[in-house]
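User: I want to learn how to read strand pairing and salt bridges in a model. Where do we start?

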Amino acid sequence: MVTPGDPLQRHASATAGNWQQAPYNRWAFWHLRELLPTQRVSRGTGPVRVLPDRADVHDVLGVEVSRHDGGRVTVADVLEETHTDAFAVAQDGVLVAEGYAPTGGPTQPHVVMSVTKSVVGCVAAILTDRGVLDPERDVAAYVPELAQTGFAGATVQQLLDMRSGVRFREDYANPRADVRRLDKWIMPVPPRAADRPRGLYNFLTTLRQEAPHGSRFLYRSAETDALGWVCERAGEARMADLIASLVWEPLGAEHDAELLCDGLGTAVHNGGLAVTARDLLRFGQMLLDGGAVPDGAAGTRQVVPAHWLRSAWAVDADVRNTFRASLAEPSFPGGWYRNQFWFRPGEHGDVLLALGIHGQMLHVSRRTRTVCVKFSGWPEAQNPVHLADTLRAFDAVGGALLERAARTDVPHLPGVVSGMHRSGAASLRGRG
């Protein structure tokens, strides 16, 4: 899958200008802060959430998958074909399987791209629950700089649901698309350049309205960047510190995360987070458990408001109809988008998804009680075939684990797959 090498040695040709391009991304996604400015998202000093690791074995990699084209392969085949950098699976909070390509390992953060959006959405949820953010208020009430832009008149909830009327095109294959213009605005200016970086927030003030707010669903990174700006104003702190204090430490993360920022020190809210696979698994388990985590005393404590997650899972006619009319419907038939999360009907019930370009995925299934994480280095930003096959693979993993639980009548399922190497020194296929 990946040519083995020293994960600590910098790729000689990787730069701030090509870090998302193949083949440099296979190294760069594990080493974000060595190429670009980042801010630390502290895990704090609280206890780490334990991920029990059962000793008996379930061959997750051998589970059969029906591909999008009707072919039959295994989960291992799908992981190899889709440029997997790391994957991890848990059921009922128990680590069932994990694996790493030679470029990384369990203690290394990997950029998760737009999975970041879902974390920022949770920050907004907590601020709302604390009474400092009102989802129904105009965003300009929090950020007056947006009053003369296309965001004026949009509510915070419309940003959460990607339903403002702002003009912004998320076409990664088009170098002139708005999302590629955004990349240039946030790129730090080299030290020899005379001009200061233009910055993320300055870019947002250039956007104009093209449709009535609330009239459509259209996935756009600028929505989350505006939402992050609103959260920083409402929470009176920068996003790295909001994530740390409101989400990362309370959920029991094991490692600090990193958050990409522009040349002016502004967080890239739409896709700048880098985390370890196990910590993203912990985040997903918290979502699966209704926003709660163990409190260490046989009880639980709430991190993300349960009612906020319930409202996201419970699709209504308006949310569903706007999604059905969108460009996303063919990829997620029957799905919806709410509160910075994707939802789709899976083989075993509805699934919550947090997704990022180049193949980053968090897959949460309430029916199978599974959380699946995948870090990838796709050569291209988007690949519908890789996406479809990965979704089918994680559906199949959840189904296999659910079936085994029913057959063996055990509350928690087995540990790490036989042959997997956590150091990142072996193929994701494992051995034996």
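Analyst: Start with pairing. Two strands pair if DSSP finds at least two bridges between them. Keep in mind that this is a predicted model.

User: Which residue stands opposite phenylalanine 341 in strand 12?

Analyst: Arginine 338 does; it faces phenylalanine 341 of strand 12. Strand 11 and strand 12 (residues 341-346) are antiparallel partners, joined over three bridges.

User: What is the order of strands in the open sheet?

Analyst: Seven strands build the open sheet, in the order 5-4-15-14-13-12-11, and the pairing is antiparallel. Strand 5 (94-100) and strand 11 (336-338) are the edge strands, each pairing on one side only. From one strand to the next, the twist averages 20 degrees.

User: Which strands does helix 9 lie across?

Analyst: Helix 9 (residues 277-288) lies across strand 4 (84-91), strand 5, strand 12, strand 13 (349-356), strand 14 (360-365) and strand 15 (370-376). The helix runs at about 145 degrees to strand 15.

User: Now the charged pairs. How many salt bridges does the structure hold?

Analyst: The cut-off first: a side-chain nitrogen of Lys or Arg within 4 Å of a carboxyl oxygen of Asp or Glu. By that test the structure holds 25 salt bridges. One of them joins arginine 40 and aspartate 256, with the closest N and O atoms 2.9 Å apart.

User: Why does the pair of arginine 40 and aspartate 256 tie together parts that are apart in sequence?

Analyst: Look at where each partner lies. Arginine 40 is in strand 1 (residues 38-41), while aspartate 256 is in the loop between helix 8 (239-251) and strand 7 (257-260), so the pair ties together parts 216 residues apart in sequence. Aspartate 256 is partly exposed, at a relative accessible area of 28%.

User: How do I read burial for such pairs? Is arginine 216 buried or exposed?

Analyst: Buried means under 20% relative accessible area, and exposed means over 50%. Arginine 216 has 18%, so it is buried. Its salt-bridge partner is glutamate 210, at 2.9 Å from N to O. Glutamate 210 is partly exposed, with 33% relative accessible area.

User: What about glutamate 329: which residue is its salt-bridge partner?

Analyst: Arginine 320, with the closest N and O atoms 2.8 Å apart. Glutamate 329 is buried at 14% relative accessible area. Arginine 320 also counts as buried, at 17% relative accessibility.

User: Which residues are linked in a network of salt bridges?

Analyst: Arg49, Asp92, Asp289 and Arg369 are linked in such a network.

Technical notes. Residues are numbered from 1 along each chain as its sequence is written. This is a predicted model: local features need pLDDT of at least 70, side-chain atom pairs count only at pLDDT 80 or more; totals for chains, interfaces and linings use all residues. Side-chain values use heavy atoms; hydrogens and water are left out. Helices (H or I, at least four residues) and strands (E, at least two) are DSSP runs, numbered from the N terminus. Buried means under 20% relative accessible area, exposed over 50%, partly exposed in between (1.4 Å probe, protein chains only). Axes are lines fitted to C-alpha atoms, for helices over the stretch in contact, and angles run from 0 to 180 degrees between N-to-C directions. Contact means heavy atoms within 4.5 Å.
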